[in-house]
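Dear colleague,

Please find below the structure I promised to hand over.

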Amino acid sequence: MNTSKREFLGKTLTAGAGLAVAAFLGSTRAFAAAEDVQKAIEEFAGGKTPGEGVITLNTPEIAENGNSVPVSVSVESPMTEDDYVESVMILAEGNPSAQVATFHFTPASGEAVASTRMRLAKTQNVLAVAKMSNGDVFSATNNIKVTIGGCGG
Amino acid sequence: MLTRRDFLQFASVTAALTGFSGGLSRVAAQQSLTQDDLLSFDARGQITLLHMTDMHAQLKPIYFRPPSENIGVGAYAGIPPHLVGDDFLSHFGLERGSALAYAHTMVDYVDLARTYGRLGGLDRTATLIKAIRAERGEDKVLLLDGGDTWQGSYTALKTDAQDMVDCMALLKPDAMVGHWEFTLGEERVMEIIESMEYPFLASNVVDNDWEEPVFESTAMRDVGGARVAIIGQAMPYTPIANPRWMFPDWSFGLRLERLQQNVDAARDNGAEVVVLLSHNGFDVDRKLASDITGIDVILTGHTHDAIPRAINVDNTLVLASGSHGKFLGRIDLEVKNGKVVDANSALIPVFADVITPDADMRAQIDKVRKPFDSELNRVIAKTETLLYRRGNFNGTWDDLICDGMMEMRDAELSLSPGFRWGTTNLPGDDITIDDLYNQTAMSYPSVYRLEFTGEQLHTILEDVCDNLFNKDPYFQQGGDMVRVGGMGYTCDPQASIGSRISDMTFLKTGEAIDPGRSYVVAGWASVNEGVEGPAIYDLMEQYISDRKVITIEKNDAVKLKSN
């Protein structure tokens, strides 16, 4: 090979390469304040303190693509006229705007299951809060890691 | 279960002779260690599982120096596989200077390498497999390939892994799983799988649109009269550790719920034994063994750990069979009334000098390498220093690569990924093109040149470090720490993300790295699409050829905070 050092030097790139550094160059926007998240939950829950259990929140341990992270939630309920899940709210604590989605159900839904995709700005907690027809409220929290990637063995 | 005698048997043959100092001569070592010693095993029951993993396309015998650092954190500190050197020897009762001490640790590495020679070579492994099949009966043996088989050499790169596919076909494995396989791209992976006579399993890979399985999850086999389920697990973080754009339709992850469902389904379908063929990495599988019920054996790979015998975790046997073809893992199981009642296990070190190569496999290896012979054997320099990669922080091969990138791309700093693959060159050895590609052969080789601020560099180091030292194994991706050229730092593995990396120093001036200043950085193996720059193997061929003789200075730029 007779390639000169000059050819290897090439030009200094200005964009697009590297460990996915773009993730860090960006946003100076403020992220959702803890009190905003708290306020959203209080409003949704009508002042009740959420209990544990009942909700299964499924998310990846580490996001493969922070721009499109799958989230699915299911809530145990007989889904009868007397006892059903009214709504489920998904929150991403560390996003500029915490509210991701709210799903509404009726007994006719048959089961309280929903899934969507969300964008996550950084490693953070994602919460699901479920409101039952009798006013009871439950929540579940998962931490999802958003990483630079690369360098894997 | 396993007696210490079983795996010390042939170690003791040589231990008596060494009393290490000046070592045993190679001839004497070869006379005292025989193919029969390696195959000696206290067989049990009606099932034998043979496990090979993380071969990284090494068809020929190689040197591979075990790591000096393999740090475990939290509950995983100080237990296998997080033991190195003398700690490893004493934990497993191995004699310093013995054949097994050489195979498993870096103690007296160069002297013992000259004594015992290379390990591996698929023609030697083929001989062992044939012998075990003959001894046990074909119907009692399953051969399972843990993946990272199709990447890591010149010939695998040039043939899009056809060399490995053709050689492995001769061994007639029962199943395989994958990781680096996916860096061949979706299309090529599917093309190969269609041509294979054994299944490519992945319980944890689904398509992005519908989250439906892309591959078969389970293979059922009747072995020695018992029904055995093999469930596959691909490297869960492949789209994060490697370029997602090469397989954009597939989503990975641990997917434990799905795994439990597949285990339960296998049991419902009559499986008396459930084997997880895994590319999760050792600590992930150690934790998973407790979290998932109903798995009898985990054959684990990815982190390149070699542990002399299976480890029992909550009644699941976890066997880690090393890398680069150095070992063949074996577990025998006795099944009674649908339950595993007895087992024995060992890693068989594939000492190349004492095993007769299998003629068919040797011919196949020769055939796939022949078109490239002159290039493979072309010498580009000689090394005076032991060149190796494996270890949590730095190795001399990456020191060389980091220097090469800074020089050839006129950069102030350089970053080289913490890959665990790559073979070893002894002092005085020639460096051939074959050797160079054993460190660099992969499908996204461009060397970028970019400006990063000191703060960004800190973030990168913290991020990668958390992939290695997160106290929850489910967040570990299985690589080593990114190697840095031109910069020193202090690392505290037991700390948490954001506070592990301190004292970042620009070595050229001895000054602290300025968070606000931009530094010109060269690096390779970016996971981003459209990276511009020369291929790492071309750049390093030039750099190494120019030097003719390679000498690496001792590198203590990374300091460890010990607790």
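This is a predicted model: local features need pLDDT of at least 70, side-chain atom pairs count only at pLDDT 80 or more; totals for chains, interfaces and linings use all residues.

Residues are numbered from 1 along each chain as its sequence is written, and chains are lettered from A and ligands numbered from 1 in the order in which they are written.

Overall form. The C-alpha trace of chain B spans about 70 × 60 × 50 Å along its principal axes. Of its 563 residues, 58% count as buried, that is, with 20 or more other C-beta atoms within 10 Å of their own, the C-beta atoms being placed from the backbone.

Domains. An automatic or database domain assignment divides chain B into domain 1 (1-33 + 64-116), domain 2 (43-58 + 130-368) and domain 3 (377-560). The centres of domains 2 and 3 of chain B, taken over C-alpha atoms, are 30 Å apart. In contact across this boundary are 26 residues of domain 2 of chain B and 20 residues of domain 3 of chain B, a contact being two C-beta atoms, placed from the backbone, within 7 Å. On the side of domain 2 that touches domain 3, α8 (154-158), α11 (238-241) and α13 (282-291) of chain B each supply at least two residues. Of these, α13(B) gives the most to that side, with four residues.

Helix α16. Helix α16 (residues 396-408) of chain B has 13 residues and reaches 18 Å from its first C-alpha to its last, close to the 18 Å expected (1.5 Å times one less than its number of residues). Of its 13 residues, 11 are buried, among them B:Trp397, B:Leu400 and B:Ile401. Just after α16(B), B:Asp410 takes a positive phi of about 50°.

Core. Which residues have the most contacts inside the largest nonpolar core? They are A:Val88 and B:Val275, in a core of 204 residues; such a core is a set of buried Ala, Val, Leu, Ile, Met, Phe, Trp, Tyr and Cys residues joined through C-beta atoms within 7 Å. Not counting residues up to four places away in sequence, B:Val275 touches residues including B:Leu49, B:Val228 and B:Leu299.

Yours sincerely

Technical notes
A residue is buried if 20 or more other C-beta atoms lie within 10 Å of its own, exposed if 12 or fewer, and partly exposed in between; C-beta atoms are placed from the backbone.
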